[in-house]
Every structure is written in structure tokens, then in C-alpha cells.
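Hi everyone, thanks for coming. Let's have a look at the model together and take it piece by piece.

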There are 2 protein chains.
Amino acid sequence: MAAPSEDALRRALAARKAAVDAQAEAVRALKAGGGASKADVDAAVEALKALKVEAGAAARRLQQAVGAGAGGAAREELRQAVVNTLERKLFYIPSFKIYRGVAGLYDYGPPGCRVKANVLSFWRQHFVLEENMLEVDCPCVTPEVVLKASGHVEKFTDLMVKDEKTGTCYRADHLLKDFCKEKLEKDLALPQEKADEFKRILAILDDLSAEELGAKIKEYGIVAPDTKNPLSDPYPFNLMFQTSIGPTGLSVGYMRPETAQGIFVNFKDLYYYNGQKLPFAAAQIGQAFRNEISPRQGLLRVREFTLAEIEHFVDPEDKSHPKFVDVADLEFLMFPRELQLSGESAKLMKLGEAVSKGTVNNETLGYFIGRVYLFLTSLGIDKGRLRFRQHLPNEMAHYAADCWDAEIECSYGWIECVGIADRSAYDLKAHTDKSGVPLVAHEKFSKPREVEKLVIVPSKKDLGLAFKGNQKMVLEALEAMSEKEAFEMKAELETKGETNFKVCTLGKDVVITKKMVSISMEKKLEHQRVFTPSVVEPSFGIGRIIYCLFEHSFYTRPSKSEEEQLNVFRFPPLVAPIKCTVFPLVKNQEFDDAAKVIAKALTTAGISHIIDTTAISIGRRYARTDEIGVPFAVTVDSATNVTIRERDSKEQVRVDIDEVAPVVKQLTEGQSTWTDVSAKYPAHVGPQSEQE
Amino acid sequence: MAAPSEDALRRALAARKAAVDAQAEAVRALKAGGGASKADVDAAVEALKALKVEAGAAARRLQQAVGAGAGGAAREELRQAVVNTLERKLFYIPSFKIYRGVAGLYDYGPPGCRVKANVLSFWRQHFVLEENMLEVDCPCVTPEVVLKASGHVEKFTDLMVKDEKTGTCYRADHLLKDFCKEKLEKDLALPQEKADEFKRILAILDDLSAEELGAKIKEYGIVAPDTKNPLSDPYPFNLMFQTSIGPTGLSVGYMRPETAQGIFVNFKDLYYYNGQKLPFAAAQIGQAFRNEISPRQGLLRVREFTLAEIEHFVDPEDKSHPKFVDVADLEFLMFPRELQLSGESAKLMKLGEAVSKGTVNNETLGYFIGRVYLFLTSLGIDKGRLRFRQHLPNEMAHYAADCWDAEIECSYGWIECVGIADRSAYDLKAHTDKSGVPLVAHEKFSKPREVEKLVIVPSKKDLGLAFKGNQKMVLEALEAMSEKEAFEMKAELETKGETNFKVCTLGKDVVITKKMVSISMEKKLEHQRVFTPSVVEPSFGIGRIIYCLFEHSFYTRPSKSEEEQLNVFRFPPLVAPIKCTVFPLVKNQEFDDAAKVIAKALTTAGISHIIDTTAISIGRRYARTDEIGVPFAVTVDSATNVTIRERDSKEQVRVDIDEVAPVVKQLTEGQSTWTDVSAKYPAHVGPQSEQE
């Protein structure tokens, strides 16, 4: 068995790392103290080097033992390496760290902030500008009425239990999940029957009601993990941060849980701005908030995050898309409902076929799936670890026509990073009802038309008698029926007097009798069609995409001396926080001047760069910029021509000083590849070592 | 007197505008109803045109009467015209409008959102990239401990009074201000003595304590403006939006009132990231929140806004700046303390002289003043309506070394848009004290130095006996003394036994006796200097800058038919929401194809643009893009060559189709001017009318 050996290797590595840290601290103390002799310091530095060699070897042994990408332990190892690098290089900083931080809040430090700005700028280019979307920018503070209409005040909740003595809060489903997982993993004597039960619970965890969760917690005797105290019954906790607008304390507000509502409430103005034409899309980038009960999963499950959302408004009777042909030939991993239900895995499919076969509901939805694929892979997301998963019927809101998530595989498993949903007319209708302002579109007829309209009239009285508290959900489900469904029901009611009817929001079938609903087609003369547009919503969790991108871009390679593993982020230039570094090889006026000339040309060309004149070896300086993913490094070792090094191949070419900026510009803007450049310019094989 | 006539003209204009609106509504209703005859519709349209001509004439009469930029009424008029255009073209939208909005919350609609993105992108270019600042991105949700340390929990307040019957809240200073202003403006029988008193109150309004405000409100019998009910005593209302982090309700959080604190708490990490070298700057762009008691001043005083802040950390003993020479020759309006106190106005000064004469405290502060000037004027802020005003001693925090506001004149008066403060070591010290983490910098000496250190030891006991509740403020002021001040005090105490000492935070002098404080110099051997860096903070209110930019960019000109005034925003290409529009002159395949070719070339060149194929006259289409400030319009009236029109001159040149994108690119990126282009290409004098 590999596991115990892996475990031992991991412990060994941890011990080596601790030794390296302790020795490094000792070296720092010796240097800072000012009282130690040079010999003492040198000896300590030598010892540190030796420890690093051992730690490097231990890391490689572990890496070999677990195999790249194999199993949970290797994932955990990868994540630790990535997260350590990210935090050490200030891609992220736990927010308010000097005050011990706040769970679920992170800062982007300097390189992380640039990566984020690059991702958002590309998003704007790829979606907003390319499609001429109407971008808006709405406040985070949102009055209660808006979020009542959207359903968030009522439904944006997680189920919580409290430690009955200390008041500590836990997510009820997390406790049940942890319990089942631990039993399955550690209880070797578990009877098959019990194992099956725990597996079933894990599969349906998201669907359990408060009562069902509470019953299971009682049945299994689950207690508070920290204190072993008994737990309260589960109850819903609203995940919105609540506040009060103005000084009276009477006007409740929330920090928005998504940016979409700001677009919906502006639909009327935006529709007029667009010349009363459909389809059109609005977009918004901004902060959203979610007051998690107890955040886990580090950077993936946070209390404040940046969303980029698109609401594409379209005539429900025509969801074709003129540019669908541009993406129809794309082929990537898709995971439709059928494959999930039959236990198969995601398959490579052509997008055009997925739409023509009806796997994807319509062209507009398909078009956005294709555009999202192009967006993510342009950033550097690995095609092999990206799939589009269709929502199962029980995951999808009753009003949604179809919904696909772009899921990216990382050390936490497959993570939903973009949701692409056809939400039908739900949101606009909800705000129309609540505000009294009709959020509708018009299609004028050249001459009046006689139309047949489906009229569904539920009998509130009979529904109320039959379903009591559930009446509203049954009623809404009846009204939301398509023409086809309505006429099938009508036929059944006429022949049998009653019919079974699935109400998704209740999660079960109910019996509908003839007197509960009247269904008919009526003729009318109409001058125009007034309708609520459907909305197709691609919603991007920018922080999650960036985190997955970090994992997909990260790799290690041994230093020249094999003393340690060096970290590299293979960011494409589009994403890289800095495109180019300039290193004067040694400190002298001539090289410094040349570096300044190059820097000035890079500034003029709009290439972000830094000059690093630190008095450390060139190899160390390369390693330092590899670690933040800088794709190109210019080393100034002459006043007339210099070297350009590519990060991943570590190849170097010699280029005249005045050619540096144009060459780097072409490389970073995609007009030429490194292969082109290394074919055109002489290779440099010089004294610059990769690592001291 | 001009005022009554102006008033009459304004009423006349308002009536005309109302008539135009009513008629326009009638036309829309007739068209939409579908039942009206063509003759009816045409007649209504003709009537509308006639009304518009009258309204245009009324507007011009008013404009002549008030004179451009003269007096409060003209300002009000300008503001109305700008704000109407901004709201009609969706630069702004009152947030949650369909639910009647929330005071002090606004959305940026599509063109406003692009302007904002352009301003922020230029800010990043001009400050962050140009100076290699460390940009960070911290959450809005902030735990209480951070804002206790910064002083916001205690001091970020406005004084509020409540209507004692209805509970409606008002800002106490606003009520007193309104009262004094109204008396001064409307009470013709006001005795000189009273007039002087009201003027004095207006001048010191910001300095009044709760007690003083309350006393004045009582003395003048000021009541609630809406109900005439009596008012409560004034009491402080904290302007932060409060919330609760996590589910327990025990962890208080606030929505940050500024972005700066996120940088200060990260100082230690950022200092290490920067190789433990000073000076360096960190920057942050993000949302900030201020729960105003009753927002006034429309778009300038809002409850949520975007800040862009820089914290430049510098050795307090060396505030020189290597790039100060680059800005030393700039000359602009400065308004130092002395000019304000002597009742003079702002004067043109050379920045270099202002620093060398000590008017501006130090080079670093001066450098940022210069960079801010360049930033604002590049955006299109009018140099004649921009001044840098120094804070008066009573405006400045006791710890601040110097502080200047970039003020922009708009219809609301001179508005503070950027604050540039040397905050000394205050913020880092406050967080060091509260967190216990030393936020300090080190300067290592090559060999140990004997140093003399100023040691100020206040006697808490004696201070407590003498000053009771004010003890802390006196103590802090003593500890904050400079070496010079301390030795002057020491000398006084030794000769006279006591001395007067100004405590800014108390706003008065106190008497310090010999036993209250010991002042001495002590000798020590030091290996390094450990010190708290000073921070120079330029803080930009992005929304205010954008609003002032809108006013400075706005003008009107009569349409060709003189039927109406047309609105224009003279945005520079840098700011313009769209750089170029493409108009096929009439609808035909040939022109549409040519337009597509041009659009594709513009996309490749990275120029934002739209094709407008609406079937309205070319003049109307020009007017429509002038109104959102698009600098260039391409009209396709042939398949081989087309016209390019410049917005402000309305001049047109003829250019071959394949030259359009390069010409527009050079124009928008500043490599050529319109003068260059109109010299190079033939002028177009064709059938395209400016206005139907």
C-alpha cells in the first residue's frame, strides 16, 4: 500500500521544512544582531544550504511516491505548495492579518491584484466590447424591497445548528457530510448496508430539508465537533450581510449577494437605450457578499468576492444567435444530464451538435457556453480539467429552461466557476410584480393579428382546500406550464378527471383534479405583442477562476544545484502580473543606463515591467520572477545588445537594445511566438547561470 | 436688477419644457395606440416641432439674460442641463429607480460606466504603473477592531437632530446653515449686527461642538423644516454602515469608510515585498461607504462611492523626491493658508517655488500635487477651475504635517475632489498600538552610532489631576512635540516654571507646569535606526472627479434649424465612452459592407466603436453621439472612401476606407491632432446635413 509510505514521506518533508525555517530564522537573527562574526554567519548559511538540499530531496521523493495528480494526498500537497507560494509572494494576504484576520476574507496583494485586473480587462474585451454589451455599475448597498422581489430575503439561506452551550454555529449539512465521510473512510468494520446509507446521504445532501437533516443528526448522535456538546435543531440562516440605510434604523438594506438584480431593475431604461430592440445584453462587474456560516475551502469559499455577470435579454420565441456559427465547431468536455444520471463521465462533444441534438436548450445558451470556453482557455485554464456540466432537474429552479456550469478541476475537486443559465422570464416578472413597473418588450405588428393565447386559470379556492400551505407553489407551477404541458394536462383532465403533476418546488407529484384549473386557447386581435423577455445569464466567479488558474499554471522544477525545488507560474502574457523584467547583470553605470533605455522603450510600448537591480545572482533573480510568472526577462550584459529569456523553456536569445521593446511587445500581444523569436535571433549560451 | 427678469424667463422656460414633454407623450401615445390616422399623427408631430422651437428660443433668452457662468441662477441652470442630459443618456441612473430609489445611491449606466472605466484605467497607468506602486485589493467588510484603531468608530460622525414627534433625522449643521443663509438672503430688515453674527456662524460651522450647535438651534428657535415640530438636542451619528460578520451576531463589522486602512494593516508585508526599502507606495481602488444622514448635492454627496487611494511611505527624515524636478516647473492655481486667511484668492504659483519657499511642506507632497494636477487636466478638467487649497490649521488633524485639497469649481461651488495629506506616522502608529505588531522600517548602520534621543516623559498622575477627562489629549500632544518645540518648552519650564501649550485636539491652550513633563536628551549606541515611516496620502474621490468633468466638458449649440439647443460633451478621447461611431449614410448593402470592413479594422486596432444603422437623418445621428461625447464619426457614403467628422469643430475630411482605422487610432492615442489630419486630407463639403 502506498498510503503509509506517502504519509511517512510527508512527515519527513514537514520536519525538513521546519528545520529549514528554523535555520533561516537563525541566520536572519545573526545578521540582524550585528554582533556575530563573519565566520559564524558563513557557517550558519552553509548549514542552511545543506538543510535545503535535504528538504529538496525529501520533496522529490514524496512527489515520486504520490505521482503527479494522483489521489487526495497529492492534491493536498499541490495545494499546499501553490497556496504557500501565493501567500509568500503576496498574490493573496489573509485580510486584517495583524488582527488575526477574519475567516473568509482575503486581500489580493500586488501580483494578485495585477492578475485580477488583467483577467477583468480581458473579460471586458472578450464579452462587453466584442458584443457591445451595456455595462452598468450599481451600488452594493441594496434596499430590502429589491431582494424580497428576487427571493433572496426568503431563500438565500443555509441551514445552521448551534452548540447548545457555547452558541458556536455550524452548517448542518457540513456536520452530516463530515460524519458520513469519516465513517466511510475510517470505520473498517462498517456493515455494507450502513456504508450504502452513508453514500446515499452524501449524494442527496443538498436536497435535505431542515427536518430531514435534524432527524439524521439526532439519529447518528452528531455533536458539536469542538466541545462534544449537543446541537440545536437546524434552522435557516440568511447569508446576506444586513445593514441599515440612513439614520433612522427603519430602512433595512443588505450587501448585494449578486450583481444581477442591479441590471434587472434597470431593464426598462436599458431597453429604451438600446432603441427598444432585442436581443441585447447588459453586464456588470462588482463586489458581492455572502455571510458564510463557517467558511471552508480557503480561497474558494469567501465572504466577499468579485462577480462578473451578463444578462442577455432575448425574445423567448426566438433564441437563435447570429454568431452561433462562430463557436459551433468548438469541441470540449461536456457532461449532460444523461451521462451524469447513467454514471458515465464527461465526454468530448461538438457544441454545434450539442445544440442541434437538443442537449443544450438553444443557440443563445450554446453561444455563451462557447464564449466562456474560449475565455477560460485563453486565460490558461487547462482544457483537460474544464468541463461544462448540465444541472440535474433537482438542482435547477423550476423556471429555468436549462443551466450549465463551467466546472474547473483543482485540488478541491470540480469547482463551479461560471454558471450559464437560461432563467426564462422569472426575474423580470418578479420585479414587475413587486414594483408595478412593467418590465416588458414590444413587437409591433405591421397589421393587427388574430392570435390564439393559452389561458391557464387555476382555481385558488380548490387549490387552497387541497394543498393548504403548498397552494402557492402548485399554483405557480400550473401557471408556468408550457403550451405542450398544458394541453397534455387538459387532455388527461378531460379523459380521467385528474392527473399527476410534478411540482419541482415541492420535490414531488401532486394530484390535480378538473375543477382546480381551467385551460383554454382564446382568440384575440392584437396590434403588438407585449412580452417579458427571457434572460440568459452567464455569471462568473472571478476569484474562483483566478484561484483555479493559479493551480493550473503552477509547477516546480529543481534548481541547478538541485538544492531546492523552484516554483513557476506558467501564466500566458495576457494574465502575467508583469510582462517583462530587466536585470542589469552587474552593478555598473553602463548597464544601468542601458536598462533605463530599454525600460523607457517598454513604457512607450505599454509593456508593464520592472527593473531589478538587487545585488543577487542572476539565477536567483530569474527564479524570483519565475515565481510570480513573469514570461520574459531581459538581462543587460552589454551596452549594445542583451539577452531575452523565456520563462518556461529557459532559452535565451541575443537581441539589439533597440529591438527589445518591439520583440517583447510582439511576444506579449501574440503577434509572434517564442519559436519565431528563437528562430530569428541567435541563441545565447553565456555565463549567466540559472541558479547560484 | 437682473434677478426678477431671470426668474420670469426661467418660469417661462419651465412652462415651455412641460408643454414639449406633454406633446411628446401625446405623439408617443398616438403612435403606440395604433388607432390614429396618419394625418392626426403628422399634425401632432408638427405641433411638437413648433413647441420645441419656442422652448429653444426661451432657453436662449434665458442664457443671454443670465450670462455664461454668472451667478447662482446660471449655475443652477447649467447643472439642470447637465444632469438632465446625464440621466437621459444613462450616464447615471438613480439606483433602484423602479422602487422609487434610495437617496444617495446612483448607478453608472452604459456610457457613464465606460467613462469611469477609462478614468480608472488612466489612473492606474498614470500612478500605479508609472511609479511601480504596489496595488492591493482588500474587502469592503471590515472588522470593528481595525476601525477602532483608525479612530472611525469613535470619530467618523456627523451631528444629528431628530424631529421630536416624527423621528425624522436632519444634520444639525445643515439646519443652522440653511437658517443663517435664508436670513441673510431674504430678511431685508436684518440689523448689521445680526448679519455679521450669521456670517460668522457660516464661517465656523464645521468647528461647532454638539453643545454649541444645540444652543444656537435653541436660541434661533429652529424647528423641523417639514413639520415645524421641535427638535432634539444634537448628538453624534456614526456614518459607517454597520453589519455583523458570521452567524453569531457577536462580531461587529462595518463597510469601510475608506480604502486606506486595508493598506496600513498590510504595511509589514508590503515593506518586505519591496525588499525592505523606502520610499515605496501602495495603492488601492475600491468601493467606500458613508451612511449620510440626509444626502444633498446630488451626485457629489453619495452613500457609496469609488475611491482611489495612494499611501506613499517615506522616511520622515528624508522627504525629498527624485522625480520632483519633473513637476517643479508646473504652474497652476494654489491657495495657501496665508492667502485664505488674508481674504485673497488663489494665485498662479510655480510648484518648485512653492516647495522651496516652504509653502508646500516637502518635495514628496509637492511631487504628488504636481502629478494630481497632470492627472486631472489630462482628463479634461479646466485649468481655470482647478486649484490646490491648503488646509487651515483648524481643518487639519493634529498629527498632519501639511494637507492640500485639489478643488474643482462646478455648479455647487469649489468641491474637494482629491486630498493630498502628509499624515506623518499617525496611522501606522495607531495600528502598531492596537495590534501589537510593529509597523516600522529599519535603517541598518554600517557601524554602530552614538545617538542622542529626545525623551519626553509626561507624568500621567499630574496631568490627570490637572486635566481630568482631557488628560489623554494633552498627553498625546506632549508626546507628539517636535524636538524644537520640546526644547522651547523645556527652556520656558526651567525659567518660568510653567508655559502655555496649544492642544489642537482641544482647540485651546492649556497651562503646563514643570512637574507635568520631563524633557531630556539621552545618549545611546545604536546598530540600526528603527522608525515609523511617514505616509503621504493622495486620496481621489473618483465619482466627484467624474461629475466635475461632466460639467467642465458640457456645452450646448443651436441645431441647424435653430429648433433646439444640442448638447455636447467635449471629452478627450482618453475619457470618451466610445471613440468612434460608424454611420452608413443610407441603408444599402454596399454601405453596410463597407461599415463592417471599417468596424473590423477598428476592432483590430483596439478602438471602441459602434455602428449606428438607425434610419434617422445623419444630422440626428451626429447629435446623438455628440451628446455622449464621441469624438469622431465616420460616415459611409461610398464603398471606397468615407468622411471622418470631428465632434467640436464639426469639420469633415475624406479618407480612404483602409486609412480610417490608422487615422482614428492616431487621433485617439494622441499621435496626431485634428489639425494634422485636416491639413493632410481633403475637406468634405457634402450633402450630409448636421441636423434634419
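Here is a question to start with: which side chains of chain A and chain B meet in a salt bridge with an N to O distance of 2.4 Å? They are those of Asp137(A) and Lys116(B). Please keep in mind that this is a predicted model.

Helix α4 of chain B, residues 110-129, gives the largest share of the side of chain B that touches chain A, with eight residues. If we sort that side of chain B by residue kind, we get 42 nonpolar, 16 polar and 14 charged residues.

Now let's take in the whole interface. In total, 72 residues of chain B are in contact with 73 residues of chain A. The size of an interface is often given as the accessible area lost when the parts come together. Between chain B and chain A, the buried area is about 6200 Å², and carbon and sulfur atoms give 65% of that. There are also 20 residue pairs in polar contact between chain B and chain A, counting pairs with both residues at pLDDT 80 or more.

Next, please find the sheet in chain A. Nine strands make up an open sheet with mixed pairing, in the order β3-β10-β11-β21-β16-β15-β14-β12-β13. At its edges stand β3 (134-135) and β13 (347-350) of chain A, each with a single partner strand, so one side of each has no neighbour in the sheet.

Inside that order, β15 (residues 402-410) and β16 (residues 413-422) of chain A pair in the antiparallel sense over nine bridges. Which residue in β16(A) is the bridge partner of Glu407(A)? That partner is Glu416(A). Helix α14 of chain A, residues 363-379, lies across several strands, including β15 and β16, and runs at about 145° to β16(A).

Let's move on to links within a chain. Over all chains, the salt bridges come to 90. One of them joins the side chains of Arg88(A) and Glu627(A), at 2.7 Å from N to O. Arg88(A) lies in helix α3 and Glu627(A) in the loop between α21 and β26 of chain A, so this pair ties together parts that are 539 residues apart in sequence.

Finally, a backbone detail. The peptide bond from Leu278(A) to Pro279(A) is cis, with omega near -10°, and Pro279(A) lies in the loop between α11 and β10 of chain A. In chain B, a cis peptide bond joins Leu278(B) and Pro279(B), with omega about -10°.

Note on methods:
Residues numbered from 1 in each chain as written. Chains lettered and ligands numbered in written order. Predicted model: local features only at pLDDT ≥ 70, side-chain atom pairs only at ≥ 80, totals over all residues. Heavy atoms only, no water. Contact = heavy atoms within 4.5 Å. Buried area = accessible area lost by both parts, 1.4 Å probe. Salt bridge = Lys/Arg side-chain N within 4 Å of Asp/Glu carboxyl O. Polar contact = N/O pair within 3.5 Å; in protein donor to acceptor, adjacent residues only side chain to side chain. Helix = DSSP H or I, 4+ residues; strand = E, 2+ residues; numbered from the N terminus. Nonpolar A, V, L, I, M, F, W, Y, C, P; charged D, E, K, R; others polar. Pairing = 2+ DSSP bridges. Axes fitted to C-alpha atoms, helices over the stretch in contact; angles between N-to-C directions.
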